Amino acid sequence: MRNWRELVAVSLMFGAAAVGCANDDSPGDLDGRERAVCEVLTNEPSELDDCRDLASDEELERYLAAHGKSNKCGTSHPDIAMRELIDSELAEHAKLERQSAAPGGGGAQVSGGVIDVYFHVINNGTGIENGDLPAAVITDQMNVLNAAYAGTGWSFALRSVDRTTNATWYTATPGTAAETAMKTALRQGGAADLNFYTNNMGDGLLGWATFPSDYARRPKQDGVVVLFSSLPGGSSSPYNLGDTATHEVGHWMGLYHTFQGGCKGKGDYVSDTAPEASPAFGCPQGRNTCSAPGDDPITNFMDYTDDSCMSSFTAGQDTRMDSAFSTYRFGK
Ligand SMILES: [Ca+2]
Ligand SMILES: [Ca+2]
Ligand SMILES: [Ca+2]
Ligand SMILES: [Zn+2]
């Protein structure tokens, strides 16, 4: 992996061009940037061998629209260049840790711990029909989250619950002024603390999250936002067993979708999740969309299947979460 700096240079060049176009953030520009980055990558035979990157956010939206599906998850994913940069930063952190006996030390590598959770209920008035979740639902959600992460070494402890009535924040979607205002007003704790917001976001979305690698640049935006009716017992069947939160916290811990990148290249940067060409919906047993060994990981929390279908993280995902938390959150 010699050329991540080159990738970043290309990325910045195209990013700067887009800024120069003053708000002209058209899909065409983003496509050009992705393509240019990919073409640099494909100079390395061992790197990506296909410039199609399904799980760029734009490609994913196009795929879903073409197949009559709405997007479940509004998480803004890093493009190929950023994914490669993050990969190199994780490796560098692990290397520093191994050398930490040397003068100057290195970063600690942690494999689990208790994460404090600050829970922010955004409602449009009183009653669950206005998103004002009863305490029992929040307790149920914490239990679902802790059960899902039980094998990873990570657990979640509810530290506080606050409730805000705000019609604008109630329907906030990713990347809006309402999101920024809500998080700026309510976020608590530091890089290692989970801020969990619930609202009624709309756009067909169930939730969105920020990545650990985003924290340093935009600390106030850090956290997950989850559709209130996806919490256990909510009205968003078949997505009402609380695993939207599991999925969004997976992003917050550093995981990508299992279908990231499609069949080729590094996919989700986790070696023990079989590559998958596209998101799976429902619970399609035996789905196998890539020729690489293994059926699609449809029971994985980072796919798009029904809550009743998703039940697992892999050892490789656990390792990636540990690594990302160590690099970007622990002690930061
Ligand atoms: Ca772990
Ligand atoms: Ca994989
Ligand atoms: Ca396969
Ligand atoms: Zn997602």
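A residue counts as buried if 20 or more other C-beta atoms lie within 10 Å of its own, as exposed if 12 or fewer do, and as partly exposed in between, with C-beta atoms placed from the backbone. This is a predicted model, where local features need pLDDT of at least 70, side-chain atom pairs count only at pLDDT 80 or more, and totals for chains, interfaces and linings use all residues. Residues are numbered from 1 along each chain as its sequence is written.

Let's start with helix 5, residues 135-148 (helices are DSSP runs of H or I with at least four residues, strands runs of E with at least two, numbered from the N terminus). Gln 141, Met 142, Leu 145 and Ala 148 are buried there. They cover an arc of only 130 degrees around the axis, which puts them on the same side of helix 5 (the arc is that of the directions from the helix axis to the C-beta atoms). On the other side, Ala 135, Ala 136, Thr 139 and Ala 147 are exposed.

What do the buried residues of helix 5 pack against? They pack against strand 2 (154-165) and helix 8 (243-252), contact meaning C-beta atoms, placed from the backbone, within 7 Å. Helix 5 and helix 8 pack at about 55 degrees, with axes 9 Å apart (axes are lines fitted to C-alpha atoms, for helices over the stretch in contact, and angles run from 0 to 180 degrees between N-to-C directions). The two helices are therefore oblique to each other (under 35 degrees is roughly parallel, over 145 roughly antiparallel, 65 to 115 roughly perpendicular, the rest oblique).

Methods:
Chains lettered and ligands numbered in written order. Expected span 1.5 Å × (residues − 1). Contact = placed C-beta atoms within 7 Å.
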